[in-house]
Amino acid sequence: MSPAPPPSRGRIRPWLVVGDLVVAAMWVCAGALVKLAVYGVLGLGGRPEADAVKVALSLVYMFFFAWLEGFTGGASYNPLTVLAGALASRAGPSLYLFAAFVRMPAQVFGSILGVKLIRAALPKVGKGAPLSVGVHHGALAEGLATFMVVIVSVTLKKKAMKGFFMKTWISSIWKMTFHLLSSDITGGVMNPASAFAWAYARGDHTTFDHLLVYWLAPLQATLLGVWVVTLLTKPKKIEEEADESKTKKE
């Protein structure tokens, strides 16, 4: 997830559906190319420096996608980013329904398209990282990682930091930290669309394990993360209104 610029309040922008589809396809291709470069071209599999090189390359394309998200006005590769943005904006049910039933399916379709394209061009990229632990352990790991990333992402958005570099740096480092911590457990995906696309390639996209670990757990973690940040960060308008009413009473 990346802290994209907040959308106009209550405004539905249909053109973002195309942007979501394209960006989601590009995202899964970029991730696959980094893994192929680290473990295939450079041959660093099983070596300590593999993670360092992977993080360095991942940070480069994460900055690119953060810039692309701002350039397109909010096109995103991650359904959790769109959902968190719609919930945090308090723009009403129309924006939430547009995010949940239009933009998120477009991201899933774009991710599937991206996986098909990259596997057709480079069959050695494999089929993604499958769940390597029990379903409940995996759901807890994926949910906790998502919750921590959502907390920072939504907080950065609410704080309205002006520096693109610093905002993206904090978000990217935080995300990569939890990706590495959970990579050996669930793959550290924190992106239901990407996880579904690779599961679709493996043929296990409809299993209970996949739905619980990569969909239900991250979605619940996103809802909880937005609620916690909203609870802890009181909007300025509410504070000003409270101060005004208190002054009038006095």
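The model is predicted, with local features requiring pLDDT of at least 70 and side-chain atom pairs counted only at pLDDT 80 or more, while totals for chains, interfaces and linings use all residues. Residues are numbered from 1 along each chain as its sequence is written, and side-chain values use heavy atoms, without hydrogens and water.

Ser-182 belongs to helix 6 (residues 164-182); helices are DSSP runs of H or I of at least four residues, numbered from the N terminus. Its relative accessibility is 4%, so Ser-182 counts as buried (under 20% relative accessible area; exposed is over 50%, partly exposed in between; 1.4 Å probe, protein chains only).

Aromatic rings of Phe, Tyr and Trp (its six-membered ring) were paired where their centres lie within 6.5 Å, with planes under 30 degrees apart termed stacked, over 60 edge-to-face and the rest tilted. This rule gives 14 aromatic pairs. Trp-27 and Tyr-61 form an edge-to-face pair, because their ring centres are 5.1 Å apart and the planes stand at 75 degrees. Trp-27 is in helix 1 (residues 16-41) and Tyr-61 in helix 2 (residues 49-71), so the pair ties together parts 34 residues apart in sequence. Both Trp-27 and Tyr-61 are buried. The rings of Phe-196 and Tyr-200 are stacked, as their centres lie 6.4 Å apart and their planes at 25 degrees. Both residues lie in helix 7 (residues 192-202), four residues apart, about one turn of the helix. Phe-196 is buried at 17% relative accessibility, whereas Tyr-200 is partly exposed at 38%.

Technical notes: Helix = DSSP H or I, 4+ residues; strand = E, 2+ residues; numbered from the N terminus.
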